[in-house]
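Please look over the sequence and the structure shown here before reading on. The report that follows takes up one part at a time.

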Amino acid sequence: MITFWNRKELMLCNSQKECDTVCALLDTHQIPYVVKVRSRSSPSVFSFGSRERSGTFMQSTIGTYMYYIYVKRDDFEYAKGCMHS
């Protein structure tokens, strides 16, 4: 199980396709991972002024989601090596 205190961010992706490619690679090497998706267009109290508050009508959806891929701290070096090979 990957909990927030024993995980490390492996990669940050801007597209679903790139995220799927990385996840397939991690699955191939049997490395457990967690993907967190955050919308950059939703308002947030904690990031005032950095996100849209007027809506997203007629805006492109490319780049509106950020995909954070986390692995266990123990598997981080192995996963990073798999990414570069």
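Predicted model: local features only at pLDDT ≥ 70, side-chain atom pairs only at ≥ 80, totals over all residues.

The residues in question are F76, A79 and C82, each of which is buried in α2. Seen down the helix axis, the buried residues of α2 fall within an arc of 125°, so they line one face of the helix. An α-helix has 3.6 residues a turn, so residues three or four places apart point the same way.

On the other side of α2, E77 and H84 are exposed. As for its placement, α2 lies across β1 and β3, and runs at about 25° to β1.

## Overall make-up

The protein has two helices and three strands, and from the N terminus on these elements follow one another as β-α-β-β-α. Of its 85 residues, 25% count as buried, while the accessible surface comes to about 6,400 Å², with 54% of that surface belonging to carbon and sulfur atoms.

Among contacts between residues at least 6 apart in sequence, 80% join residues that are at least 24 apart.

## The sheet

The three strands form an open sheet in the order β1-β3-β2, and their pairing is antiparallel. β1 and β2 (33–39) stand at the edges with a single partner strand each, so one side of each is left without a neighbour in the sheet. On average, and with direction ignored, neighbouring strands of this sheet are turned by 25° against each other.

Strands of a sheet pair through backbone hydrogen bonds, either parallel or antiparallel. Here β1 and β3 pair in the antiparallel sense over six bridges, and M11 stands opposite I69 in β3. The helix α1 packs on the sheet, where α1 touches β1, β2 and β3, and the direction of α1 makes about 15° with that of β3.

## The nonpolar core

Which residues of the largest nonpolar core touch the most other members? Among the 14 residues of this core, they are L10, L26, I69 and V71. The elements that give two or more residues to the core are β1 (7–13), α1 (16–28), β3 (65–72) and α2 (76–84), and the largest share, four residues, comes from α1.

One of these core residues, I69, can be followed through its contacts. Leaving aside neighbours within four places in sequence, I69 is in contact with K8, E9, L10, M11 and C13, with C19, V22, C23 and L26, and also with Y33, V34 and V35.

## A proline in a loop

P32 lies in the loop between α1 and β2, and this residue is partly exposed, with a relative accessible area of 37%. That value falls between the limits used here, because buried means under 20% and exposed means over 50%.

Although P32 and V71 are 39 residues apart in sequence, they are 6.3 Å apart in space, C-alpha to C-alpha. When neighbours within four places in sequence are left aside, P32 is in contact with I2, Y70, V71, K72 and D75. V71, named in that list, is also one of the residues that touch the most other members of the largest nonpolar core.

How values were computed: Residues numbered from 1 in each chain as written. Heavy atoms only, no water. Buried < 20%, exposed > 50% of the residue type's maximum accessible area, 1.4 Å probe, protein only. Contact = heavy atoms within 4.5 Å. Areas by Shrake-Rupley, 256 points an atom, 1.4 Å probe, with all protein chains shown as cover. Core = buried A, V, L, I, M, F, W, Y, C linked by side-chain atoms within 4.5 Å. Arc of directions from axis to C-beta. Pairing = 2+ DSSP bridges. Axes fitted to C-alpha atoms, helices over the stretch in contact; angles between N-to-C directions.
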